[in-house]
Amino acid sequence: MSKEITPRQQDYAQWYNDLIIKSGLADYSAVRGCMVIKPYGFALWERMRDELDRMFKDTGHQNAYFPLFIPKSFLSREAAHVEGFAKECAVVTHYRLKNDPGGAGVIVDPEAKLEEELIVRPTSETIIWNAYKDWIKSYRDLPLLINQWANVVRWEMRTRLFLRTSEFLWQEGHTAHATAPEAEAEARQMLAVYADFAERYMALPVVRGVKSPAERFAGAVDTYCIEALMQDGKALQAGTSHFLGQNFAKAFDVQFLTRENKLEHVWATSWGVSTRLVGALVMAHSDDEGLVLPPLLAPLQVVIVPIWKGAEQKALIDAKADEISAELKKAGIRVKYDDSDNVRPGWKFAEYEMKGVPVRIALGARDLEQNVAEVARRDTREKMSLSLDNLAARIKDLLDDIQQQIYRAASTYREEHITPADDFDTFRKILDEKGGFVSAHWDGTAETETRIKELTKATIRCIPLDNPPEEGKCILSGKPSRERVLFARAY
RNA sequence: CGAGAAGUGGCGCAGGCCGGUAGCGCACCUGGUUUGGGACCAGGGGGUCGCAGGUUCGAAUCCUGUCUUCUCGACCA
């Protein structure tokens, strides 16, 4: 299942791009840097969204919605936050258009200039904290556990479908707590939710870790992350959860009265995952035949393809296919019977493989005679002949097995691509020739981190949470270090 | 914004040096034969060659300008 890892980055990028378009997930749009998520891609995102939303609710969160526009002044309230986001925002300066008297079509009405510009949210901390100020008065109002599903805009210079687009869909959780430990625990809990989702649903093994100061979110005290490895050996940040300390509470003056009647600033977290997860899913499992989707997230889990000659055969096959469909649906399986006659079976086989449908059932006259069906699994491309008796149960087991098999394959690949390095030459060599994570000692300074990035393009992806202490020397500076950190080239 | 490349039916491209009736593959339409791994035959429709100037009897082709897109860097979930 795993693709050769050697393709030069450029080829891999091309392969990825073609796959997204050919499989019908998304396409470029007329607006530079933005994409159109097509129905199939959106169905996949919806599957992810539904599962995540359920997990958020299971951990006590509620959904809400805040405005798309943020007054410019809000962004300047938190110093580090401005630093991090100010440069890449879309700005609304006017609120009206008019017909050009000179006949040049529609123009911006110069009369309609806004007194204060509005920023299209690149993230919602500021507008949300401005609201929280009014919502939080007492320790009884805490914790406040809110999530928002929304779109955000970041004016990226260079974009890639799903991985980095100017507009993207995501969820952002924003919580307020009475104490630092409680907020810290929330940030870690949500990281655990993300990791669980990635591994159980996406079949994507991730490293749970904390970011180095240089990679930290603008305005956070600590940024936790899950890091995944793609098949070309590059790392991808799949989700982040931030402990924000009291930074935003102070910037927006959000205080509450404690049980002891003392006024204190609240402690905050924020956490998010985006449509980038769709890109992660594609890059982690796909092969040269197309997408490979984990059954738990595949919009379509089983497709039934009839093979017939003549109307009499077709009628018999239809009847049997309907019966099987009903049985599978009853077992909670998402199934489609594709008896369209404008393309031939071979075309359908290839098409559904491209789309990553986990299981295909081919049903022909020959099969009916023997009371069997040809069942093919997408991940290994194995075909088997299964009895029509009790087929639903067999398919259910098969889907479970595929889910596990995809995870195992990705896991094996990931384990093989965490490589220790104890000197800089080896470090560089691993990055160039093998790719993946390199586990190495680092002196803890931002200067060394920057220098390594300049020399190798590799960044510190994270300091793993379960990192064992180990005395060593920094790979670049030779200064003492107490633990290894994970480096990689990243998306 | 720096460095490269490309703009020709819906999509992918050829033609360009050497100016002379705009072509190929896929897709589409019609008819027929097909259907167990991306079918075949026959017929058909569709393009002022990115835009603007220039050279010429004549420009997709040569010249000048201009616009757009893509790839690579700086930015980033």
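Ile460 stands opposite Phe487 of strand β27, a pairing that belongs to the contact between β24 and β27, which run antiparallel over three bridges. Strands and helices here are DSSP runs, numbered from the N terminus, with at least two residues (E) for a strand and at least four (H or I) for a helix. Two strands are said to pair if DSSP finds at least two bridges between them. The model is a predicted one, in which local features need pLDDT of at least 70 and side-chain atom pairs count only at pLDDT 80 or more, while totals for chains, interfaces and linings use all residues. Residues are numbered from 1 along each chain as its sequence is written, and chains are lettered from A and ligands numbered from 1 in the order in which they are written.

Both strands are part of an open sheet of 11 strands with mixed pairing, in the order β3-β9-β10-β16-β13-β12-β11-β24-β27-β23-β22. Its edges are β3 (62–63) and β22 (418–420), each of which pairs on one side only. In general, strands of a sheet pair through backbone hydrogen bonds, either parallel or antiparallel.

Within this order, β11 (residues 206–210) is mostly covered, with five of its five residues buried. A residue counts as buried if 20 or more other C-beta atoms, placed from the backbone, lie within 10 Å of its own, as exposed if there are 12 or fewer, and as partly exposed in between. Val206, Arg208 and Val210 point one way from β11, whereas Val207 and Gly209 point the other way. On one pairing, β11 meets β12 (residues 222–229) in the antiparallel sense over five bridges, and Val207 has Glu227 as its bridge partner there. β11 also pairs with β24 (residues 459–464), again in the antiparallel sense, over two bridges; here Gly209 stands opposite Pro464.

Leaving aside neighbours within four places in sequence, Leu486 is in contact (C-beta atoms, placed from the backbone, within 7 Å) with Val207, Gly209, Phe437, Ser439, Arg461, Cys462 and Pro464.

A contrast is found at Leu68, in the loop between β3 and β4 (69–71). Leu68 is partly exposed, because 16 other C-beta atoms lie within 10 Å. Not counting residues up to four places away in sequence, Leu68 touches Val120 and Arg121.

The largest nonpolar core has 122 residues, and those with the most contacts inside it are Ala198, Leu204, Ile226, Ala228 and Val266. Helix α6 (residues 180–200) supplies the largest share of this core, nine residues. Such a core is a set of buried Ala, Val, Leu, Ile, Met, Phe, Trp, Tyr and Cys residues joined through C-beta atoms within 7 Å. Val266 touches Ile136, Leu142, Ala176, His177, Ala178, Ala249, Val254 and Phe256, not counting residues up to four places away in sequence. Helix α8 (residues 276–285) is mostly covered as well, with 10 of its 10 residues buried.

Some backbone details deserve a look. Most residues other than glycine have a negative phi, and most peptide bonds are trans. The peptide bond from Leu142 to Pro143, however, is cis, with omega near -5 degrees; Pro143 lies in the loop between α5 (125–135) and β9 (144–153). Phe162 has a positive phi, near 70 degrees, and lies in the loop between β9 and β10 (167–177). Ala203, in the loop between α6 and β11, also has a positive phi, of about 55 degrees. Phe162 is buried, because 25 other C-beta atoms lie within 10 Å, and Ala203 is buried because 27 do.

Chain A is divided into domain 1 (24–71 + 127–285), domain 2 (302–401) and domain 3 (418–488), with bounds from an automatic or database domain assignment. The C-alpha centres of domain 2 and domain 3 lie 49 Å apart.

Technical notes: Contact = placed C-beta atoms within 7 Å.
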